[in-house]
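Me: Please take a close look at one part of this structure. Which neighbours does it touch, and through what?

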Amino acid sequence: MPTPEIAWRAIAPELALVGGGILTLLIDAFRPRVRRDVLAGLTLASVGLASWFTFDLHDKREVVMQGSLAVDGVALFAKMILLATCAMAVLISYHYLTRRRIHRGEYYPLILFATAGMTLLAAANDLLLVFLALEVLSLPLYVLAGFARRDDASQESAVKYFLLGAFSSAFLLYGIALMYGATNTTSISGISRIVGAAEPRLVFFAMAMLAIGFCFKVAAVPFHMWTPDVYQGAPTSVTGFMAAGTKAAGFAALLRVFLVSFGPLQWDWRPVLWIVAVLTMVVGSVVAITQTELKRLLAYSSIAHAGYVLVAVVSASNDGTAAALFYLLVYAFMTLGAFAMIIASAPGGHERLSLSDWQGIGQRHPLFAGVMTLFLLSLAGIPPTAGFMGKFFVFSAAVSSGETGLVVVGVLTSAIAAFFYLRVIVAMWLQEPEPGAMPLGPSPALVAGLSIAAVVTIALGVWPQGLIELARNAGIFTG
Amino acid sequence: MKQHLLSWTLWIPLGGAILMAFVPRDRVGLIRGWALLTTVGTLGTSLAVLAYFDKSQAGFQMVEHHQWIRAIGASYHIGVDGISLWLVVLTAFLWPVCVLASWNVTKNPKMFMGLLLALETAVLGVFLSLDLLLFYVFWEGMLVPMYFLIGYWGYERRVYAAVKFFLYTLLGGLLMLAGIVVLGFQAKHALGHISFDYKVISKLALSHDIQRWLFIAFFAAFAVKVPLFPLHTWLPDAHTEAPTAGSIVLAGVLLKLGGFGFLRYSLPLFPHAARAAVPYVVALALIGIVYGAIVCAMQKDLKRLIAYSSISHLGFVVLGIFVFTIQGLQGGTLQMVSHGLSTGALFLLVGFLYERRHTREIADFGGIAAVAPVYAGMFLIVALSSLGLPGLNGFVGEFLVILGAFVRNRTWAVIAATGVILAAVYLLWAYQRVFHGPIDIQENRAVRDLSFREGLAVVPLVAAIVLIGVWPKPFLERMEPSLQRVRARVVVGATAEPAAALRSTKAATQVGGR
């Protein structure tokens, strides 16, 4: 048996991330008193290196490592989203961790390992690698969710995330095993060639198990129950990273598995995901109305946004894939921006979490409230913001695939969703502030991260042409 | 300059708003001056548009076409025709008035003026866009500044009014968005590439079934804006709670977007569905005319009274558009301009009164004419124009609408005419209670007459009111060719023949001149 050839260039981004992770881990272990900005700098450097390697692959379209790793548009586009998410997470968390007195060195390797898992998941072309990557990304996230060790909510968040995450991994693994039983392969492109002729009961059962596993990860209804509690309890910077990153990686894998492996069976799974998409949009939007805690509100909003991406998945076309990728990019920036605003909302260890804490902040700090308003309007999908363009492309893809019904549900739930984003805006601008000082907690890194997010949110709303083109070219699977 | 005239008109206000961000917050005089300068500059370019406008053409003029989002066939495509021309001029005309009316805003004037200027760009964009995606971006872009104008600077129940306004408009708008996406893909089926260009889409042959659904989707957006009964409930709250400039903008321009939408999109793009919808839409318009007028008569709050009168007057606009006769279409379009002027002026004058007495209750006034004769005179002219006195602008539009309806169906015309009678009742009665009679309340003795700045805001409006009333020909003849074209699309067998066009212009001119 010949030694498998290793495509070093294709795995260079992951190597950079993991290498950076190991380096920061070792530095932290042997020099525990090292300045944190060294670790943060190294993390950003390895993310930069990984981005360079990813960019280096931009004209490659191939399947490497014996068919288990895809180098195609979807993988590369998703990787760029994930690397940007990671860099943003580092920027927004630096001072936050110090303020909450949880600035321990292992934060940086954990984030890097999680990112490596996410990028692998986005490129995995073999169900076994899908599972492996999912575990690589999940394990650091379980730890990160409980990073505030002395905070009960953070503990609760970590335990819930771990238990339900393990549960969903089991579903996924069971589905992979059944699929192997039915088709005798775990290769995603291999399955697509055999799946039509395989034993249908086994295949459908496997498909259902895989769908459940992925729906857990991307927080689709009815497997969304963990989201509000986990998002609320985890340190805010971790929540932002989780919301943007897990969703992007999870959807990239979901798209690959369902569009490539189960492409021949799309008439069987599309109706099921149709229902899941409708439920996700409706439940996410309606339940969010009653929330008075900002992180919970954004958690339900993330559920509703998962619904919109599912609309693009159900479209089951190259346009749909492109729309999903574009949406995930837009969502990453606007949701990280919103979480970063929560971080910036107060100095000291405790942020403004309750809606009433935000009352009248616009009168004291108009610029701050203005930026938050931008992110909220983008999340609500009001033009000319990136959120609107994202929704527009998703709806276009759905109409093009004949899913006009989904679009109608989508626009109606968007109107419902606008109501709760508006509640925050009302609190900020239209209600009187409580007497007393209202200090904010900005820091240079945080301001840098926020500026990037704000600029992207406006720029992609006004001039999305370049990235649409990129997503269009990326929306094709190889293998 | 000439080939980019529309772009200048469109972007000057937003440019002014962006530059406003660099003015220090406490330089209030500079802020006001800058806002006034920007709006007057926009008025100047819009008058240049008017001067260059070729009144013999039915199509779009001064067109600019650039690529925007190539991947989905959306472009920056703007142009003006006889339907949008006067609405653009009206918008540019009302904005300096709004700035003058808001001279005394003390609560964060920088943000107020900035939002007001941004709103002007959004409104002008809706009128000028010839690309459906661009149109939608401007349409929704209006929401945010208007929402803040009502919610931040409004009166007691402002938050409720602002949220209600936002959600009503957004829901209607989102349904339209679904319709726009479907239209884009209809273009793809027909031509092989997706397009949102108005000229491309207006050439599509849509099946009757698709037309019906799309008509409903677009109708949702426009009917909320007009507003048609029973979707009108946001209007009294929003108008009453908004600050004076907000009310002028809402009544003067934003309500016109509904009527404009019918003329630009619903009728030419979905003619079959529009024909089928006539009985229902006309019924709603007639209910609006009569219901609005009756509710008006019972109002105790002056601003609320004017708000309800808008429902009645806009009913005329919709009636005129949906009878599909050229008189009706002309009357409806002119009525939009007239209503913008007279209701804008009414809100302006009530705003001045509120600044003096801090109340809008009719019962709190009485005998004002004795202490503020010029103010009372202006109010009388504007009220008479609003109730349709011949020789003033309101008459021309409403008369043409009733005439147009009469040709189509006499019952409709009779019901609509009752709206005119009721308008006389509620407006004159309100005028009498506010301005005549003895001065019972001591504070009313101290009411000042109009100041120079206030006069500067009112006089142009009154001048325009009289001008349209005595000489409507230049207004009607510029809108006629474009309206004929709309009519030719929606009425089977109708042709836009020039001779007929000339005749009806003459008739309309005679009517107005009498």
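Reply: Two residues are in contact if their C-beta atoms, placed from the backbone, lie within 7 Å. This is a predicted model: local features need pLDDT of at least 70, side-chain atom pairs count only at pLDDT 80 or more, and totals for chains, interfaces and linings use all residues. Residues are numbered from 1 along each chain as its sequence is written, with chains lettered from A and ligands numbered from 1 in written order.

Start with chain B. Domain 1 (1-269) and domain 2 (277-514) divide it; the bounds come from an automatic or database domain assignment. Their C-alpha centres lie 22 Å apart. In the contact, 41 residues of domain 1 of chain B meet 46 residues of domain 2 of chain B. On the domain 1 side, α3 (82-101), α10 (234-241), α11 (244-254) and α12 (256-269) of chain B each supply at least two residues. Helices are DSSP runs (H or I, at least four residues), numbered from the N terminus. The largest share of that side, 10 residues, comes from α3(B).

Now the helix pair. α5(B) and α7(B) pack at about 170°, axes 10 Å apart. α5(B) is therefore roughly antiparallel to α7(B) (over 145 degrees). Axes are lines fitted to C-alpha atoms over the stretch in contact, and angles run from 0 to 180 degrees between N-to-C directions. From α5(B), residues including Leu132(B), Tyr136(B) and Trp139(B) take part; α7(B) brings Gly173(B), Leu177(B), Ile180(B) and Leu183(B).

Last, chain A. The contact takes 28 residues from chain B and 26 residues from chain A. On the chain B side, α5 (132-141), α6 (143-153) and α7 (158-191) each give two or more residues. α7(B) supplies the largest share, 14 residues.

Notes:
Parallel < 35°, antiparallel > 145°, perpendicular 65-115°, else oblique.
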